[in-house]
Amino acid sequence: MPPIVVGSLWVPGRASLTAALYSLPSTPRPVSAIADLSAPSSRGYSGDEGSWFRSLFVHKVDPRTDAHSTLLSKKETSNLYKIQFHNVKPECLDAYNSLTEEVLPNLHSDTDYPCDLVGNWNTWYGEQDQAVHLWRFSGGYPALTDCMNKLKQNKEYLEFREERSKMLLSRRNQLLLEFSFWNEPLPRVGPNIYELRTYKLKPGTMIEWGNNWARAIKYRQKNQEAVGGFFSQIGELYVVHHLWAYKDLQSREETRNAAWRKRGWDENVYYTVPLVRNMESRIMIPLKISPLQ
């Protein structure tokens, strides 16, 4: 089909357009190398024409028949995780820790409650005067509901919550699933420090994140620093938490530097950084009751 001329705008014919498409480079380029097609050109074409041209090169995604949670989470388990962030009044942190260490182990050891403590920490570097608790519910949402209903009838726990509320400035939580390719968080002997790295992703990028990290996690296993990897289901969405363990801050520095010397790690960083809207790192110290020491 010959080219069509509309006013001063030249529109390529089918053959020309096909040739142009096949001449595109096959290797991905950084975003900065791609021209902004929506910006007005020196010839004064409108933004609509730029949008029309850009639409020719949009990557088409096949509609999915499975939710992200089904594609990314472990199939052999039905574990659900809850992470809690408690911002404590500075003058109450010691009292809060003592109260927590008195009551929470009873829930952990009571077989009538389908929940387990995974880890309990105070933030050392990051948001100060903060406690972080990670729970596992074996059996998914039914186990969570069962546990919550029983706690409503638990006098000791209700008194604990009332006393705890006097010590808190704020609190928030999220329900999480674990990535299929990460280690399941198991008890550890200490002493260790823990790093919780939190990534807030751009909506629609969770599958791409998972695909890259499924290949990259092997670069971070040598020193057994990988504890667990999770993504949010309820609460703030498109949030990823990676939990790492190190002997100390110097060990953390050496372990992370060693990853950069492994071929392939830089690729993971290159392809995942553009997916992130915001990221945060917490260095945490385990409480006495934490199974992760």
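Modeller: Happy to! In the largest nonpolar core, which has 51 residues, the members touching the most other members are F137, F179, W182, W209, W213 and V240. A nonpolar core here is a set of buried Ala, Val, Leu, Ile, Met, Phe, Trp, Tyr and Cys residues joined through side-chain atoms within 4.5 Å; buried means under 20% relative accessible area, exposed over 50%, and partly exposed in between, using a 1.4 Å probe and protein chains only. Helix 4 (residues 93-109) gives this core its largest share, 6 residues. Helices (H or I, at least four residues) and strands (E, at least two) are DSSP runs, numbered from the N terminus. There is also a second, separate core of 16 residues, with Y81, L134, L176 and L196 among its members.

Before going on, a word on the source: this is a predicted model, where local features need pLDDT of at least 70, side-chain atom pairs count only at pLDDT 80 or more, and totals for chains, interfaces and linings use all residues. Residues are numbered from 1 along each chain as its sequence is written, and side-chain values use heavy atoms, leaving out hydrogens and water.

Now take V240. Not counting residues up to four places away in sequence, V240 touches F179, R197, T198, Y199, L201, M206, W209, F230 and F231; contact means heavy atoms within 4.5 Å.

Next, look at helix 4 again. Helix 4 and helix 6 (residues 155-165) have axes 11 Å apart and pack at an angle of about 160°. Axes are lines fitted to C-alpha atoms, for helices over the stretch in contact, and angles run from 0 to 180 degrees between N-to-C directions. The two helices, helix 4 and helix 6, are therefore roughly antiparallel, a label for angles over 145 degrees. On the helix 4 side, the contact involves Y96, L99, T100, V103, L104, N106 and L107, while helix 6 brings E156, Y157, F160, E163 and R164. R161 is also found in helix 6, and R161 is partly exposed, with a relative accessible area of 35%. From C-alpha to C-alpha, R161 and T100 are 9.9 Å apart in space, and they are 61 residues apart in sequence.

Finally, step back to the whole chain. It has 9 helices and 10 strands, and 40% of its 293 residues count as buried. Among contacts between residues at least 6 apart in sequence, 81% join residues at least 24 apart.

Note on methods:
Parallel < 35°, antiparallel > 145°, perpendicular 65-115°, else oblique.
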